[in-house]
Amino acid sequence: MATTSERVPVSERRDEPRRSGVGRYRASRGLLYVVLIVLGIVAALPFVWMFLSSFKSAAEIRQVPPTFWPQEGTLDNYRTILNDPELPLWLFYKNSAFIAIMNTIATLFTGSILGYVFAKFEFRGRQALFWFILGTMMIPSQVTMLPGYLILMQLRLLNNPWGLIIPSFISAFAVFVMRQFIVSIPNDEIYSARVDGASEWRIYRSIVLPQLGAPLATLGMLTFMFNWNAYLWPLIVLTQPNKRTLPIILYWYSTQHSSQVNLVMAASVLIVIPVLIVFALSQKWIVRGLTLTGGK
Amino acid sequence: MSQAIEIRRRRRWFGGREGAQKRFVAGVTLPAIAFMLVFSLLPIVWAFALAFFDFSPRRAGTPFLGLGGNNPFVGLEHFRQMLDTSTGQSVQVSQFHTALKVTLAFAFLVVPLNLAITLPLAAMIESVHERVKPVFRTVFFLPVLASSVGVAIIWVFVLHPQNGLLNGIIRAFTGKTTQIGWITDARLVFLGIPVALIAVIVAYLWQDIGYNLVIFIAALQAIPQSVKDAARVDGASAWQTFRHITLPLLMPTILLTSILTMISAFQVFDLFQVMTDGGPQDQTRALSLDIYQEAFRFQKMGWAAAVSVVLFALVFVISLAQTRLLRSRWEY
Amino acid sequence: MSRRTWTMRGLTAVFAVMLLGAACTFGGDETDGDGGDGGGGTTGGGAVTLTMWAHRSKSFNQALRNSMRAYEAENPNVTIELETFDYDTLIQTLQTALPAGNAPDLIHMFGTWTCSYADFLTTVPDDVITLADAQQVFFPGPLGGFTCGDALYGLPEESNVEYGATLVNTAMADAAGVVADGWASWDEFIADAKKMTVIQDGAITRAGYHFTAGDGLAHSFLSLIVQGGGNYLNEDGTAFTLNTPEGERALTLLKSMVDEQIIDPVIYNDEQNWVGDCYFIELCAMGVVGPWAVADYKDDYPEVAANTIYLELPPLEDSKAFIADSGWGISVSTDSPNADVAWDFASFAALDPENAAAWNLTSGTLPALVENGEGAARDQLVSAFPYFETWFTILPNAQFVGQLPDRDRLYYEIIYNHGLAAFQGLETVEEALQAMESEANDTFG
């Protein structure tokens, strides 16, 4: 019984006995909040469980029945992980960051410039090319995974972070989103800039690009996040442990310490939480952008 | 004289303002086309071609894409084997059949469940106080940001028979020792669906809800208040408003998200591999996992390519059907 | 008009060139024999760096590192780096890296796999050791896996054992009133195991005997077939014979243990509560796994290790034979530009009796060198690592499993899955055996 308006319009209120109307309204609001809070707690539970477990000792984590709050909280798990010579976390952060950042820059650049070309220019084959690019979005990644691997093998880009960056230079999704956005940019500025003799490149750089703040931020965050969390493709391409990225390392660590879940939980916290924090701080951008793009 | 004409003609092609535009377009699209040919079109064509060969990268084929030679052309053999439902087939065929069922069950459960959760939830969140809205939205959106590997590891621990949260809670309520193997007991089946698969579905929903939630919230916000108020003035109850005003206006968004959710559901890999690796007894062996294992673990890339072609066909057909279906119901 | 044709021609040309270019560069790398000798590798002069891949296992990796440091001390111009992978990832990585020409110099290779990778491995040079000499110096089991045709593709470092004796937690045995001195029959064994099992509210909170891990189950099944007088392969090794009276007897025995509630395969299997984990965190009273597990866990769980002994498992009838894989050893890939230095290290680590013994001690594995398996060397090993004792006694009964087309698939998917299905009642024993045999024979194809 959720109402989207804060107050019932006066005309309606007069028709119902005042007390029961407002009472029912309040009751339904209360119920709404209760339901949401319960659902919120349930949704947050796995994270909370992971977080709390990371502070438990090895003995406590194996206790049956399991405890929820740590009986004897300890930072040892984190100490072990950060001092583990086989786990130079900073190296993997670096690998993940390099790939994610390069991919984000590339995607934003190609997306915006191609989006601009599709939105503001007429040329033959425009429709066909655009639909082709869009069509590639629908192909399941598993289909192109094998030949993609074979191609990288030929180009000798296996076991190389560039093998992850180069094939993803152009993102169909980014092109699509950017085009949608740029279409709504008024043409006057562009035309007058042309008359003034500005080069096309200059127009793109100084007029179009600055207006793309919101979608660029959103796409940037989404691309960054997607690349940061990617697992399968990096697993196939990067074969050397010291070139691998965080999700792969997390899995490796969890199999290495299968009987010490407390350590695995601490590792998960170290690998998962930073992204969450970054998001929480910048969520306004993401949400605004997502709503504008209206799609994945 | 002719030289001058030549120059002028050339300039007309690429000269002046129009020419600058053409140059720009060409300079942008031609490299893009070349890139997409190599990294998008070639893989797709190659994948389809591979499906007609018995291919392993360890064997030497002809110089043409490595096909032929020790990687013989087998035509429709792979597809013929897939259609063979007799009991004497080889492991890879029966695993393919299982994978097909698992993937279809997964996708057809995930999409309606996802919508059934996110739509009402979005409506609920949309109607709370402005200040509180971002809090709820964040709580539900956070799992989207976690790496699938992390999500899988957390849920495996939650579902652990002895030390897991779920069994711990059940034990707290019933007082009895509970050691249910949610993702390892092949005998657990609920309404015909293996419990292990349900567990993966729950984990996936948990991770994915935030996405559609945010989109629906935004779509709901986009509905002008005046429309809703007008309905109420006309005497419509909240439910009627939702059903006859809000829902139809949301239809385009619902259509789009349901298609995208469906397409994503067919490609889920990380969760399946890290949570259950296809077990127990292949009950969670999705097509994506099947393709990966056949290709990279058993080096049967021709077969794996054939399976991926089937996967593509599935996604294509189902998306098409979805579009037709939902669009016809929406058109009023 | 001319513009259109130009664009069409241009696009077609670009596409065609792209396709042809990609196509024609393919296929050149598969048959690379020597793998870039020209590189930068000089022996005994310039600095050489070697890389080795191994599966992650605390004790194994420590042992390898010790060997590497020892070699580096004697050969200061050489640096060796170790990179570890979890087991499944190692297999996948080998499968993808070897054909791609991305393999490291040295691979810590599992013997039973070796022949499937033979195309990408260099044979042991004659000046290191010839096949004939190797057959004198190594036990036949471990060497068997590394021998493909008439060539030797690696040097074994261990005699693999995964069946024949079981871990026994003496503290739990005492508490349950069990006298831990061996068993004459399976009935006796099952009775004792039951005493050590703890059941609460119908749930097995401590398993009496863990045999449902991937290795444990496969080795138990195949060994019991052999002990019953049968064989799992036919005469020329071209087909599996699992659906036989001996196979049925083996599977039924294993199933009876589940029925007697000594273990719940749903909770204790390969994915959760794996035998090593289970035993050392005291959720299993006994479990079948090689002595390397003790080496892996004893530092983290010293009290349990102190109460641990190995006891021989009872024979089915008279024969005490059991199946063993060809274990881990060192191979050199064809991609290595410094194959000679790599083989020098391999022979240092695996052929030199003292170094090999040190490796065995740290990793908790039985020696592959005959010299280390007898006499004074053997006594030394036992006194340093008492868990070896029982294994040395039964080592003569080990039988090399043979050249299997796909060992991992057979063990961990076929036998494991259908075994568990039979235990849980999802398949009857006959159905499980039938399925096992037909799927196993598929791996030949």
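Of the 296 residues of chain A, 40% count as buried, that is, with 20 or more other C-beta atoms, placed from the backbone, within 10 Å of their own. The model is predicted, so local features need pLDDT of at least 70 and side-chain atom pairs count only at pLDDT 80 or more, while totals for chains, interfaces and linings use all residues. Residues are numbered from 1 along each chain as its sequence is written, and chains are lettered from A in the order in which they are written.

Chain A holds 15 helices and zero strands; helices (H or I, at least four residues) and strands (E, at least two) are DSSP runs, numbered from the N terminus. Two residues are in contact if their C-beta atoms, placed from the backbone, lie within 7 Å. Among contacts in chain A between residues at least 6 apart in sequence, 73% join residues at least 24 apart.

Turning to the partner chain, 77 residues from chain A and 81 residues from chain B make up the contact. On the chain B side, helix 2 (residues 16–50) gives the most, with 18 residues.

Chain C is assigned domain 1 (49–160 + 326–400) and domain 2 (165–323 + 405–442), with bounds from an automatic or database domain assignment. Their centres, taken over C-alpha atoms, are separated by 27 Å. Here 19 residues of domain 1 of chain C are in contact with 18 residues of domain 2 of chain C. Helix 16 of chain C supplies the largest share of the domain 1 side, four residues.

Key. A residue is buried if 20 or more other C-beta atoms lie within 10 Å of its own, exposed if 12 or fewer, and partly exposed in between; C-beta atoms are placed from the backbone.
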